[in-house]
Every structure is written in structure tokens, then in C-alpha cells.
Amino acid sequence: MGYVNHDLDDQNSNQGVVLQNGKEILFQAFNWESHKHNWWATLERKVPDIAKSGFTTAWLPPPTHSFAPEGYLPQDLYSLNSSYGSERMLKALLYKMKQHRVRPMADIVINHRIGTTIGHGGRYNRYDGVPLSWDERAVTSCTGGLGNRSTGDNFDGVPNIDHTQTFVRKDIIKWLQWLRYDVGFQDFRFDFARGYAPKYAKEYILESKPIFAVGEYWDSCNYKGCNLEYNQDSHRQRIINWIDNTGGLSTAFDFTTKGILQEAVGGELWRLRDAQGKPPGVMGWWPSRAVTFLDNHDTGSTQAHWPFPSSHVMEGYAYLLTHPGIPSVFYDHFCDWGESIHDQIVKLMSIRKSNGIHSRSPIKIAEAQPNLYSAFIGEKVCMKIGDGNWCPTGKEWTLATCGHRYAVWQK
């Protein structure tokens, strides 16, 4: 059984207020190539537009020193000089974001860490001569250390951090508190959240108190051969279980919705209504914890591991930005795909905001046919995607915006 209506009373904290409010719209403010482009300074120039467009949070790439330029092989966690720019440039960006009331989200990479020194077994599994010095006990036994077995999946080829060690968790908490209160990051995104037990994410959130947190729990959707199965309940249940085991303190990226939506827009829009008549992703079961998205630096960009079909991107945003859940917009679509796409996304965001659509908004799906999907969201908005004909009945509805294969009406 899934978690239907699983929205519980949120904790009375800053984060609880944000999750209750449900008005968040995230912006992923980088792609896989951003480290080549003096990124902190580049983003600083874009902050006014990010704020004016209505984003509440901008997810930044990993801010600390990394063995690889993209930031996902961290080494010296207390150095804020990275391939994205200097510490001074990062702090200038964070100051500009604070002025414009856009919360900076730090990309927290704590599943693995690149060693500085050869230790046990002839591997780089020691951390000597840097802040956060650890010996081989900090590395899981599965990845060449003297720690315990991993509490999650292995990230192969690099030392995985053993979160069962008290000294490791104490140091990570201290570092997260430094990012939160000294550096000025307000929100956290947990990279490769499958790699360690969600109870540790819960502990880190409780101790460092980000205003908003999201986890990347990404595993494969259910396929029969090459064909995506209609029923993805077990896939979304795994994501739900991860959220549940963080005590509901974290949201998670809705990979189920991404997988279904990008299949659906190719003439299979019937997929967008599950057997209970609800949206078929995490959004349909626990919308206040579902961060919906079309692409990110892994799935899209130059990595293109699982890209959303480019000719249907605006249909995708028409769906995400009118529906419950917490929508996220990808940098490439917003900044690199031209003024028209940028402005269409901004228009959809303004409709969401002006009509009070939030993460828990009620939804009634009207049509889910191969070439047509339509739905009513809350009392004031309805929409359709696909090339089938549909519009709401009644003179109170007016067309709010439309584009290639999508339309949105409001009262």
C-alpha cells in the first residue's frame, strides 16, 4: 500500500513552516559544464532575474574543494576555493542572494570523500593534513577502509564514508553547521542519498537545521524489457520510504514523476493517471515532500544520462508548475534555451503564485488519453497538455497562457 494523504503535521521549526507553506519553487543554478565559466560571478549577475521570476531557492553546485572540477569528489571540506570560484566570490554571491531573498542551497556530498594519503591495503583511505583528518575507520569496509559495512549502496571506485562511526557524524554535523551558520547556506541537497541510511540524514538535518532539505534518492524505474511499466508504485514507494525514514524532515526528488512524464509526452499521456485516479509519482502520494523536475546536471546537460525530450519541455513545465508538489526548474532550460522558453516558464510560475497553488493543492484529473491530459488544480486553475482538443466549460474560465501543446486557464 502507498502513502495516500501522508502529509502529517509538520514540526514547528523554520523548516516545518516552509514545508507547511508549500510555496517553494526551486532553481537548479548550474549544469555539468558550469565549473568552466567563472560560475560564482556568472550567477551573481543573474540573481536579480532569479528573484524577480519567483524562485525561493537556488541550488548551487558543491561549494568545497574537490578532486574533480564538478565538485562531486570532495576532499578538503573546509576549503571554499573550488573550480567554481574563490571563497571571496562565493561569499559575494551569497550576499547578493540574501539581499534578493533567494535562499542558497548547498549540494552536500557526504556519501564519499577522496583520501589524501595511502593507508590500509595501499589505498587512498586516510585524510591527513587537512581539516577533518580521519583515519581508515572513516571508510566503509566495502570500499577499502577499516570501518563497518555500508548502510546503503556503494558509490564504486572511491572511499565511501562510514556514517556508523560516531566521530564521523560529529565532524559532519560540525561541518554542516559551519555551512549553515558561518558560510550562509540555508538549504541542503543530499547527493547520492541511497549511499547511507536515511536515519543519518535525519540526524544531520536535526542538528544543522536547514530551512529546506531535499534528497537525491535515484534508482531505476520499473521496466519490462525496454518498455516503462504503467504501474510504478514500488518505485515511488522506495522514495517514500526514504523520506519517511528521515522523519519526514527531508523532501526528495520525484524521479518517478520524471520517468513517467517523459514517457507520457510522447503520445502516452494516459500514464499520468494512476489506478486510483491520482498523479502517478511521489506527487500523488506525498506531495509536500515531492520535488518535481524535468532534468538536472546528471540527467540532462552534457552528461545526458536520462534527458527529458527537448521538443516537449514546455509541456513538462506546464504540468509541473500547475500541479502539487514542489517544482524545480533546470538552469539550461531557463537560461540557455532562449528568451521564449525563459518567459514561458516565468509566466507559468506567476500563474502558480497568483492563484495560490502550493505543494498540497487538490487535483482532479479530467482526461488522461494518449494525446490529451487535462486536470483541475485547486479552485482557480485548469490545464491541458498534448495535441488533443479540450477546454473547460463555463464563462468564468479565461485562457491564462498557452504554447506548443499546452494551455492553462484561470478563473
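Analyst: Happy to! This is a predicted model. Its protein carries 43 positive and 43 negative side chains, and the centres of the two sets lie 5 Å apart.

User: What makes a side chain count as positive or negative here?

Analyst: Lys and Arg are taken as positive, Asp and Glu as negative.

User: How many helices and strands does the protein have?

Analyst: Its secondary structure comes to eleven helices and 17 strands. The radius of gyration is 21 Å, close to the 22 Å from the globule rule for 411 residues, so the protein is as compact as a globular protein of that length. Along its principal axes, the C-alpha trace spans about 70 × 45 × 40 Å.

User: Why is a residue called buried, and what share of the protein is buried?

Analyst: The word applies under 20% relative accessible area. Buried residues make up 59% of the 411 residues.

User: How do you know that the span of helix H4 agrees with its number of residues?

Analyst: H4 covers residues 166-183, which is 18 residues. At 1.5 Å a residue they should span 26 Å, and the end C-alpha atoms are 24 Å apart, so the two agree.

User: Which elements do the buried residues of H4 pack against?

Analyst: Those residues, including Ile172, Trp175 and Leu179, pack against helix H3 (87-99), strand E3 (103-108), strand E6 (187-190) and helix H5 (198-208).

User: What follows H4?

Analyst: Gly184 comes next, and its phi is positive, near 115°.

Note on methods
Residues numbered from 1 in each chain as written. Predicted model: local features only at pLDDT ≥ 70, side-chain atom pairs only at ≥ 80, totals over all residues. Heavy atoms only, no water. Helix = DSSP H or I, 4+ residues; strand = E, 2+ residues; numbered from the N terminus. Expected span 1.5 Å × (residues − 1). Buried < 20%, exposed > 50% of the residue type's maximum accessible area, 1.4 Å probe, protein only. Contact = heavy atoms within 4.5 Å. Rg over C-alpha atoms; globule rule 2.2 N^0.38 Å. Charge placed at Lys NZ, Arg CZ, Asp CG, Glu CD.
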